[in-house]
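The structure is shown first.

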Amino acid sequence: MAAGFVTAALGRRGFLMGATALAGLSMLNGRPGIASAQATAGAPVTEVQTGSHWGTFTARVRDGRIVRIVPASMDPAPTPMIRNFPELVHGRTRIHRPMVRQSWLQGGPGAATDRRGADPFVPVSWDEALDLVAGELTRVRETYGNQAIFGGSYGWGSAGRLHLAGTLTNRFLAGFGGYVGSETNYSYGAGMVLLPHVLGGNQAIGGPVTTWHSIMAHTGLIVMVGGAAFKNGQITFGGMGEHTTKPWLNRIAAAGVPVVSINPVAEDETIELGFEWLAPRPGTDAALLLALTQTLVEEGLADRDFLDRCTVGADRVLAYLAGEGDGVVKDAAWAGEITGLPAETIRALARRMAGTRTMIMTSWSLQRADHGEQPWWATVLLASALGQIGLPGGGFGFSYTSTNGIGAPRAEISIPGMTSGRNPVDIDIPVARIADLLLEPGATIPFNGREVTFPDIKLIYWAGGNPFHHHQDLNRLVRAWQVPETVIVHEPWWTPTARRADIVLPATTTLERNDISASARDRWIIAMKQVVPPIAEARSDFEIFSALADRLGFGEDYHEGKDEMTWLRDFWDRGRERAARYDVALPEFDAFWEEGQVQLPEGDCDFVFLRDFRIDPERFPLRTPSGRIELFSETIAGFGYDDCPGHPAWLEPAEWLGNAKDEAPLHMISSHPQHRLHSQMDNGPGAAEAKIQGREPCWVNPEDAAARGIADGEVARLVNARGACLVGIRVTDRVRPGVVMLAEGAWYDPDRPGEPGALDKHGNPNVLTRDVGTSALGQGCTAQTTMVQLVKADGPVPTVTAFDPPAGA
Ligand code: PGD
């Protein structure tokens with residue numbers, strides 16, 4: 001099969017189809033940079049282009065094995081992570097057959113749930129496995145009702161319009177009569193609840209936002225609050241043709257636009273591109289942003305006209321900043337004490353911001369913290385006081401530094417995908433409250449002005465996510481996970497979650513099936529072609545759920561009698577119709593599939609977020625109660641939450657350097673990793689090469705390392721009252737004294753599986769993080785609010801076993 005090359009074809013507005021692919025073939029031979037295992041001589045080699053969250057690439061296959069990965073030529077900045085695919089598809093961590101936990105098979109539902117993660121597995125045939133799953137779902141429904149089934153199934157899964165594991169799970173469980181679901185996300189859960197109250201929607205997160213073109217042309221200063229772009233820009237949810245974030249940052253740096261990165265850690269772009277680095281104490285950005293605003297007010301630099309015309313509640317917030325109510329003026333000296341930054345640095349930054357066209361880019365990570373709503377609200381406050389919202393290159397945005405494709409001009413065209421259907425059980429929990437749900441049935445929590453009462457969960461069904469990576473306080477999750485009678489998981493790999501299931505169904509990887517990748521953040525639509533047939537007995541989530549739905553009597557509603565390719569054709573035809581409404585002529589499905597890719601016309605390069613609103617807020621009001629930016633929200637104030645008042649405020653975090661205890665004096669930041677996507681690809685060579693003695697690297701400042709007699713390259717222990725893990729030490733002055741950085745995603749590997757309080761041998765920060773919501777408003781995750789101690793590891797350290805399949809597998 002040839003990689004998707006061929007002649008360019010022009011649509012009415014000139015879309016390009018496969019235009020770069022002819023070049024792509026020559027690049028294929030000429031781009032050895034991101035290659036994997038070399039092909040052996042002999043058997044013929046086939047080449048197939050496909051797509052993924054990590055980008056588009058061609059896989060070379062010999063004798064049924066992927067031997068080489070070559071990035072697609074349309075991608076100006078491919079990620080090295082794609083070289084992991086051969087190992088991911090063929091490696092030893094794959095689940096080959098349906099498996100059942102031994103105690104569950106012998107003792108039935110609810111048997112020895114404390115042995116989850118410790119028990120051996122027993123292989124069964126697909127027929128037996130599907131009968132067991134169908135029978136158990138039916139038993140739980142008949143005994144307890146559908147609200148005893150949790151199907152939140154949160155997770156990144158794989159790219160594509162059809163094989164979205166979470167959506168497929170939701171569709172299946174909805175067809176089965178319903179399930180308890182989840183809403184919001186771990187990425188920006190607090191922010192996405194806050195912003196509709198403040199801005200009337202979430203466009204400032206998902207886009208369109210002011211483009212990089214506009215920034216390049218007009219911006220005089222970029223202030224990245226929590227900035228960390230290169231590594232996060234390696235992925236686009238849903239797939240992509242082009243990596244745009246890194247090339248744009250390179251261009252911005254080359255053009256000499258000053259960038260200030262405010263981050264306790266100096267990430268790669270800060271070093272490589274020479275950004276200015278301000279390193280505040282973690283969790284104090286809200287105080288910094290408030291003080292920047294107060295400085296503008298004190299020095300007569302605040303834009304009163306913008307505040308009057310386009311916002312409501314400014315007077316009340318400014319009164320708070322001036323100390324009305326609590327007698328504390330939130331000025332630079334005050335913030336200096338909290339953030340650890342010199343007061344004069346804060347004042348100077350405020351003046352610089354007011355003196356030029358300034359773009360504030362605040363990251364998702366800042367709101368993954370106690371009171372995480374506040375730095376985002378304070379960003380809107382500061383940008384409003386600067387008065388540049390809606391001007392080219394000015395204002396703010398929340399995702400530029402957090403994922404690829406934000407700030408690229410958006411294509412209006414979308415290709416529809418699988419739908420989840422209507423869930424007859426109308427209960428959704430805030431997603432990060434999963435352990436509370438399992439441990440506290442009947443409890444009620446506040447959430448964004450309403451109350452959520454937790455049902456009693458007896459069965460968990462999970463596909464496409466890894467809660468034993470992504471959730472906080474994993475020792476608490478170990479206890480919570482023992483509550484349900486049955487856990488069913490679909491996974492391609494023996495992840496920590498798969499090992500803690502009762503029934504594990506082997507899922508195909510994205511390279512073993514056909515799909516379409518299309519994202520609003522990218523102008524390429526990619527045919528995600530099957531590269532190799534399913535490995536061993538793996539089946540796609542869609543096939544698994546279709547077979548189960550057939551067994552349970554609602555197959556026709558689930559799959560509608562369509563197979564994989566019929567669904568893709570159907571999505572394409574509907575997308576083609578939509579595109580025609582925008583005067584874009586997409587080719588017929590067969591032509592698209594043959595070509596392998598379509599390039600959409602570029603969107604509006606000069607787009608400026610909130611431009612119309614700024615010009616005429618009466619005519620173009622926001623969808624807030626006032627139609628204006630709500631710097632004070634009567635709605636939020638009306639909820640009466642102590643932990644989220646009606647305006648942005650500094651609320652002391654539960655744990656931070658300002659209240660450090662002797663037993664946990666260091667602030668741990670758990671950033672997104674450089675060499676994998678969350679926990680995906682931790683089982684690949686890229687992540688393995690980056691580890692230190694097999695453990696996740698932990699960045700430690702030289703002062704903190706020396707104080708403990710710990711050297712670079714050693715294994716040491718991070719510990720607090722919630723847990724402990726072993727890490728590999730990287731001594732570096734790229735992290736502020738008093739702060740350690742341990743990226744999330746190393747597969748949880750306890751020395752005593754199943755036991756809360758076991759030592760994680762591998763370096764998963766979530767054994768240390770706290771499992772408490774951001775506030776009653778957002779109930780988001782608060783992973784960044786974590787204090788720890790670092791201890792020298794005495795004596796021999798245990799071997800990492802995270803990638804050894806469980807007994808019986
Ligand atoms: P992934 O590692 O992407 O993490 O949490 P998430 O659970 O999304 O997990 C996806 C899982 O899906 C993997 O186990 C993969 O093997 C599986 N999978 C992939 N493709 C398929 C498929 O086709 N079918 C099936 N059945 N399975 C598939 C990410 C979450 O972690 C997020 S979004 C964020 S932002 C949070 N970030 C942090 C953080 O910054 N710091 C900490 N400490 N913790 C975090 N957790 C959160």
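## Sheet, helices and cysteines

In this predicted model, six strands make up an open sheet with mixed pairing, and their order is β5-β4-β19-β18-β17-β6. The edges are taken by β5 (121-123) and β6 (149-150), each of which has a single partner strand, so one side of each is left without a neighbour in the sheet. Within the sheet, β17 (residues 459-463) and β18 (residues 486-491) pair in the parallel sense over five bridges, and Ala463 has His490 in β18 as its bridge partner.

| Helix | Strands it lies across | Angle |
|---|---|---|
| α4 (residues 126-144) | β4 (99-101), β6, β17, β18 and β19 (503-506) | about 130° to β19 |
| α5 (residues 165-175) | β6 and β17 | about 140° to β17 |

A helix pair is described next. Helix α6 (residues 189-199) packs against helix α16 (residues 373-386) at an angle of about 35°, the axes being 9 Å apart, and α6 passes α16 in a right-handed crossing. On the α6 side the contact involves Ala190, Gly191, Leu194, Leu195, Val198 and Leu199, which meet Glu373, Trp376, Trp377 and Val380 in α16. By class, the residues of this contact of α6 with α16 comprise eight nonpolar, one polar and one charged.

As for the cysteines, the model has zero disulfides by a cut-off of 2.5 Å between cysteine sulfur atoms. Cys644 is in no disulfide, and the nearest cysteine sulfur, that of Cys781, is 16 Å away. Cys644 is buried, with a relative accessible area of 0%, and Cys310 is also buried, with a relative accessible area of 0%.

Notes:
Residues numbered from 1 in each chain as written. Predicted model: local features only at pLDDT ≥ 70, side-chain atom pairs only at ≥ 80, totals over all residues. Heavy atoms only, no water. Buried < 20%, exposed > 50% of the residue type's maximum accessible area, 1.4 Å probe, protein only. Axes fitted to C-alpha atoms, helices over the stretch in contact; angles between N-to-C directions. Helix = DSSP H or I, 4+ residues; strand = E, 2+ residues; numbered from the N terminus. Left-handed = near helix turned anticlockwise from the far one by under 90°. Contact = heavy atoms within 4.5 Å. Nonpolar A, V, L, I, M, F, W, Y, C, P; charged D, E, K, R; others polar. Pairing = 2+ DSSP bridges.
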